[in-house]
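Please keep the sequence and the structure in view while reading.

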Amino acid sequence: MSADTQRTHAIRTGSSPVTRRALLKAGAGAAAAGAASLALAPLSRIAWAAGSDEPIRIGFQVHRTGIGATYGRWYERTANAAATYLNENGGIAGRPVELVPEDDGTDPKRGAEVVEKFATAHGVDFVYGPLFSHVVIGSAPRAGELKMPYFVVSEGYHVASGSLNRYVFQPGITDVRAQVQAMAPWVAGNLGRRVTMMFPDYAFGYDHRDYFSAAVEAQGGSIAAKIAIPPTESSFTKYFPQVPADTEVLYHVMVGPGVLTFVKEMGEHYGSNRPQIFGFIDSLEGVDIASPGLSFLEGTYLWEALPRYADGLDSDANRHYRERVGINDEGASVDDPKDVSTNSHMFGCWETLFVIKRAVEESGYRSRNPDDVAALIEALEGFDSFDEGIPHPQGYKEFNGALHQCYGRQFISEVREGRLAVVHTTSIEDGKYEAEADYTTQSL
Amino acid sequence: MKGGPGARVLALHLGLIAALFAAQFVLGAYHHTNLARIMVLATYAVGYNLLLGYTGLMSLGHAMFFAAGMYGAGLSIYYLGFGAIPGFALGVACALGLALAFGAFALRTSGVSFLIVTMMFGQAFYLTILYFNQVTFGDQGFILSDRLPAALVDPDVKYNAALLVFAACFLASAFLVRSPFGRILVAIRENEARARLLGYDTYTCKLVVLTLSGGMSGAAGAAYALLFSYVGASFAAILNSIYPLLWTLLGGAGTTLGPVLGTGLMFYLVDFTSGWTSAYLFVVGGALLVLVLFFPLGVMGTVRAKLAPWIP
């Protein structure tokens, strides 16, 4: 199978060229599949014939392996769905879109290597796709040095904080500082003003610790305790007694495989006499809310960026998006109901590709020469909003060109009968904060 | 080539450095950058090989020395405004100091106990970086780009700086293992009790080589921070202790060229297979199994055994 055929295949199926399972089934099956793919290659080419020019090649930096693999799997499906949709509708500036995936192993060292590979071996026009903060921060310096437009779907505050460089943009998902700030008015007004925070003792947790605590205090509330839990912890029973008795709201943002144990032990500690509980869906992305170990979450609340269940956001754009990506009304894969999506993050891959399309078309970008790249970046920095619709199913967004960051509405959902029911939608204003950077002052 | 073993060894090592210098003029941009990175990582493997290959001490905590160099350089540049060269020097000094202090009591153990102690301290060092996240930025790490000389963005500067660090450590390693001190290390590896009976202070010898090994690992870490502008806790995690072990075993433990070759082979093996399958670690593992079964001495170890016994 040629490299081009592999990429076409990846875009059309939403899978990596060879998965672990596929590798283990290698042999006669692989030979047959290879022959079939080669036979289909001419048919695949017909799809690209809609464009009359060379493709826009976009390096897709994906967490196929490592701690981010669950997210990566859905990010890749979403990006492939967006690319396929674009190609069926005229591509970008009349040119087909070609995604060139590379696995970064959710590792900052490999992430930087992958960015170099995109720039110097694959010769792509742009790079996009990474989620995990440490991978983005480890890769961004090389993107800047190589003058490679780098679109991240990371949610982290590192873009808007000004710590990266002028080539890095996050136009498809709101950053975590705005997210947690937007939660505070509703939490303080509906659940309680005395909050204890339990968060992982690493970067993701610190953004919550710093920005949510400040936002709650701005609402007249107070923080009873901040309990940092080391990432190596597998049992949490010793942490729950540290929660002060006057706590009205327990705020949790645990992530990783320990989350089921965390919830189970929280239930064993509190029983029926619990404070209000509010958490971030990051804890449960890719996990079925109706899992037996999560029954204690019944009646608690979770942040969502885009509702997992279809009835949470009943719009044409959202229905179209879900159909194209292949998720059912419960937020799982249409092919496998046990394969639950990471719906509060992966829409950023869809939306980012449409922002790239708009930037290319408005700037007149043709190839990755310094003038075209500069024009593209200045066009991006000139954007101020993205309207809700097929390109932006999550909703209307404001874009701050100086910060390279977008801001959208957020959702708060209650766990009811093992499902998530949206009870509140925040405004963009709820998450606004004072800007701390201006990338446009940096030279290109 | 005619001449004694010393001349051939010298020619081999200088020839490798000359070849690496010349490679920058013929390689395309992709392999040019890769080779710069491989030289930095090979410096780490060269340091590791001094301990494993020549002294017989297996460490699973060497990432702490790499990270000591990385954070020593990175934090001094980030907070204290150090320049690139003073930052690099401080990074190496931090790694040397840590290796000396760690070795002073860890070397009271040996064998499996030493392995476990190195792993425990390596993990403790990693968690310490996470614990002091207000200073170190924890797992997320921090960027040095805007605090480093603009010249370091130039691929040629990166390449030649990496070559300079690598060449210094590589030649020092070759000199060391061929010196009388290197012979004592090999004696310790083969039979430490006998070396002690012969009157050698094996504890001090091991302490010296551990310190040098840690220093070279720290030089690699400091160079990585400077050349690739990123400092992060993942470089202190146990996986980064396992890498130099694999590179050394693949290339040939106890050979000066082996760690260099192993680093390059492993880099390209991962790079190539990850573009082909998400199960690239499965392929890498398979390759290592084949190696262990059929070439237990590693590539250069096998070459030395079969073809060129004069290779150090």
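## A parallel pair of strands

In this predicted model, strand β6 of chain A, which covers residues 194–200, pairs with strand β8 of chain A, residues 249–252, and the two run in the parallel sense over four bridges. Within this pairing, V195(A) is the residue that stands opposite V249(A) of β8(A).

Helix α8 of chain A, made up of residues 203–218, packs on the sheet and touches β6, β7 and β8 of chain A. The direction of α8(A) makes about 170 degrees with that of β6(A).

## The sheet as a whole

Strands of a sheet pair through backbone hydrogen bonds, in either a parallel or an antiparallel manner. Here the pairing is mixed, and seven strands of chain A form an open sheet whose order is β7-β6-β8-β9-β10-β14-β15. Its edge strands are β7 (222–229) and β15 (419–425) of chain A, each of which pairs on one side only. From one strand to the next, the twist averages 25 degrees.

## Where chain A meets chain B

The contact between the chains draws 33 residues from chain A and 25 residues from chain B. On the side of chain A that touches chain B, the elements giving two or more residues are α2 (20–24), β2 (97–103), α5 (108–122), α6 (133–145) and α8 of chain A. Of these, α6(A) gives the most, with nine residues.

Sorted by class, the side of chain A that touches chain B holds 12 nonpolar, 10 polar and 11 charged residues.

Key: Residues numbered from 1 in each chain as written. Chains lettered and ligands numbered in written order. Predicted model: local features only at pLDDT ≥ 70, side-chain atom pairs only at ≥ 80, totals over all residues. Pairing = 2+ DSSP bridges. Axes fitted to C-alpha atoms, helices over the stretch in contact; angles between N-to-C directions. Contact = placed C-beta atoms within 7 Å. Nonpolar A, V, L, I, M, F, W, Y, C, P; charged D, E, K, R; others polar.
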